[in-house]
Amino acid sequence: MLSSAAPLLLAIDTSTDTAGIGLADGPVCAELVWPAGRTQTTSVLDAIDALLVRCGRTIADVGAVGVAVGPGTFTGLRVGLSLAKGFALGRDVSVIGVPTLAVTSAPFVEAGNEVFAVVPAGRGRVVCAAHAPGAEPGPPRNMAFVEFGSVWTTTLATLRWTKTSPGSRPTIWL
């Protein structure tokens, strides 16, 4: 259960067809993740309300909003950024933008793994970048999905994957 004293961070990620929201008051957090498809406009606010109720909190307890800023689907990004801006203006709270590839790779990088993060960008395109512990992420590359195979093969051959055991492969998250 989230503490009733600390202000909450509300996290919103609508950058892909899988939507997610989270609430955190420091080390304790709660989250909801669901396959939203094209329903972000109708499902995210209800999900935020449901998670607040489940945690025994209200929107008045939110002290900041974190939001995925892309890359991602055009409509999904508009939904998340509009909600964050609305909360910021209506509740006078700060907004923190977080790159989608950083969010996608964070659990793996924090666990000491090197990751090639990939997110769909719509219209048959993907955006990808390499992420490793203690290093700046590689530059994001936007390409048609059909080009992705050759980029993955080239990246795998040229990057040094220092944290994996001999013969193992880095994590790929799509």
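The sheet and its helices

Reply: Five strands form an open sheet in the order E3-E2-E1-E4-E5, and their pairing is mixed. Helices (DSSP runs of H or I, at least four residues) and strands (runs of E, at least two) are numbered from the N terminus, and two strands pair if DSSP finds at least two bridges between them. The model is predicted, with local features needing pLDDT of at least 70 and side-chain atom pairs pLDDT 80 or more, while totals for chains, interfaces and linings use all residues. Residues are numbered from 1 along each chain as its sequence is written, and side-chain values use heavy atoms, without hydrogens or water.

The edges of the sheet are strand E3, residues 29-35, and strand E5, residues 94-98; each has a single partner strand, so one side of each has no neighbour in the sheet. From one strand to the next, the twist averages 15 degrees (axes are lines fitted to C-alpha atoms, for helices over the stretch in contact, and angles run from 0 to 180 degrees between N-to-C directions).

Strand E1 covers residues 8-13 and strand E2 residues 18-24; the two run antiparallel and are joined by five bridges. Leu 9 has Ala 24 in E2 as its bridge partner, and Asp 13 stands opposite Gly 20 in E2. The link from E1 to E2 is a hairpin of four residues.

E1 is also joined to E4, again by five bridges, but here the strands run parallel. Leu 10 has Val 65 in E4 as its bridge partner. E4 in turn pairs with E5 in the parallel sense, over five bridges.

Helix H2, residues 74-91, lies across E1, strand E4 (62-68) and E5, and runs at about 160 degrees to E4. Two loops flank this helix. Pro 71 is in the loop between E4 and H2, where a cis peptide bond with omega of about 10 degrees joins Gly 70 to Pro 71. Asp 92 is in the loop between H2 and E5; although Asp 92 is not a glycine, its phi is positive, about 55 degrees.

H2 also packs with helix H1, residues 40-54: their axes come within 10 Å and cross at roughly 40 degrees. That angle makes H1 oblique to H2 (under 35 degrees counts as roughly parallel, over 145 as roughly antiparallel, 65 to 115 as roughly perpendicular, and the rest as oblique). From H1, Gln 40, Thr 41, Val 44, Leu 45 and Ile 48 meet Gly 76, Val 79, Leu 83 and Phe 87 of H2 (contact means heavy atoms within 4.5 Å).
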